[in-house]
Amino acid sequence: MTIMVMDAQGGGIGRQVVSAIRDRIPDAEILAVGTNSAATAAMVKAGADHGATGENAAAVCSRRADFIVGPIGIVIADAMYGEITPAIAEAVGKSRAQRVLIPMRNCGNTVAGVANYQISSLIREAVDVISQNRESNKTT
């Protein structure tokens with residue numbers, strides 16, 4: 001199973017996601033895709049198997065992934081202070097992968113009905129979704 005973790009800015013959310021996936025699903029192949037080198041480096045340091053940076057990396061890795069995990073802004077052009085280009089949002093949105101999006105209150109977009117949870121709870125839930133889907137796919 002290949003999981004693409006995508007983040008921007010300093011990669012803090014992505015770092016936490018990579019670490020949680022590595023703890024819960026140690027055999028997963030984790031592709032860290034950052035919009036900049038700082039984000040990529042943070043995720044690789046947290047235990048990602050591979051790291052790549054930029055728009056083309058997002059397009060290529062989106063095609064390889066079974067799951068794509070990241071802040072909800074990764075599917076919204078110009079989100080995350082402009083680091084998500086329209087091409088990145090399109091690549092993630094068109095991917096055959098299951099997207100597991102983490103709602104963030106500070107990305108300029110609000111998802112109605114989502115409570116203001118701690119980021120650690122949201123990350124734990126995101127990894128739960130991947131783990132449960134992985135298990136259900138093993139039995140089919």
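This is a predicted model: local features need pLDDT of at least 70, side-chain atom pairs count only at pLDDT 80 or more; totals for chains, interfaces and linings use all residues.
Residues are numbered from 1 along each chain as its sequence is written, and side-chain values use heavy atoms, with hydrogens and water left out.

The protein chain contains 5 helices and 5 strands, where helices (H or I, at least four residues) and strands (E, at least two) are DSSP runs numbered from the N terminus. The order of these elements from the N terminus is β-α-β-α-β-α-β-α-β-α. The radius of gyration of the protein chain is 14 Å, close to the 14 Å that the globule rule gives for 140 residues, so the chain is as compact as a globular protein of that length. This radius is taken over C-alpha atoms, and the globule rule is 2.2 Å times the number of residues to the power 0.38. The C-alpha trace of the protein chain spans about 40 × 35 × 30 Å along its principal axes.

Of the 140 residues of the protein chain, 44% count as buried; buried denotes under 20% relative accessible area, exposed over 50%, and partly exposed the range in between (1.4 Å probe, protein chains only). The accessible surface of the protein chain comes to about 6900 Å², and 49% of this area belongs to carbon and sulfur atoms. Accessible areas come from the Shrake-Rupley method with a 1.4 Å probe, and for residues only the protein chains shown count as cover. Among the contacts in the protein chain with a separation of 6 or more, 69% are made by residues 24 or more positions apart, a contact being defined by heavy atoms within 4.5 Å. The mean positions of the 13 positive and 13 negative charges of the protein chain lie 2 Å apart. For this calculation, Lys and Arg count as positive and Asp and Glu as negative, while His and the chain ends are not counted; each charge is placed at NZ of Lys, CZ of Arg, CG of Asp or CD of Glu.

In helix H2 (residues 37-45), Ala39, Thr40, Ala42 and Met43 are buried. Viewed down the axis of H2, these residues fall within an arc of 160°, so they line one face of the helix; the arc is that of the directions from the helix axis to the C-beta atoms. Ser37 and Lys45 are exposed on the other side of H2. The cover of the buried residues of H2 includes E1, helix H1 (12-24), E2 and E3.

In helix H3 (residues 55-64), the buried residues are Ala57, Ala58, Cys61 and Ser62. Their directions fall within an arc of 125° seen down the axis of H3, so they line one face of the helix. An α-helix has 3.6 residues a turn, so residues three or four places apart point the same way. Asn56 and Arg63 are exposed on the other side of H3. Covering the buried residues of H3 are elements including strand E1 (2-7), strand E2 (29-34), strand E3 (50-53), strand E4 (67-71) and helix H4 (86-94).

The buried residues of H4 include Ile88, Ala89, Ala91 and Val92. These residues cover an arc of only 165° around the axis, which puts them on the same side of H4. Pro86 and Lys94 are exposed on the other side of H4. The buried residues of H4 pack against E1, H3, E4 and strand E5 (98-102). Ala87 is also located in helix H4 and is partly exposed, with a relative accessible area of 34%. The C-alpha atoms of Ala87 and Asn56, which are 31 residues apart along the chain, are separated by 8.6 Å.

Most residues other than glycine have a negative phi. Met80, in the loop between E4 and H4, has a positive phi of about 55° although it is not a glycine. Tyr81 lies in the loop between E4 and H4, and its phi is near 60°, a positive value in a residue other than glycine. Met80 is buried, with a relative accessible area of 8%, whereas Tyr81 is exposed, with a relative accessible area of 70%.

Ala48 lies in the loop between H2 and E3 and is buried, with a relative accessible area of 9%. Not counting residues up to four places away in sequence, Ala48 touches Val18, Arg22, Ile30, Ala32 and Met43. Ala48 and Val100 are 52 residues apart in sequence and 17 Å apart in space, C-alpha to C-alpha.
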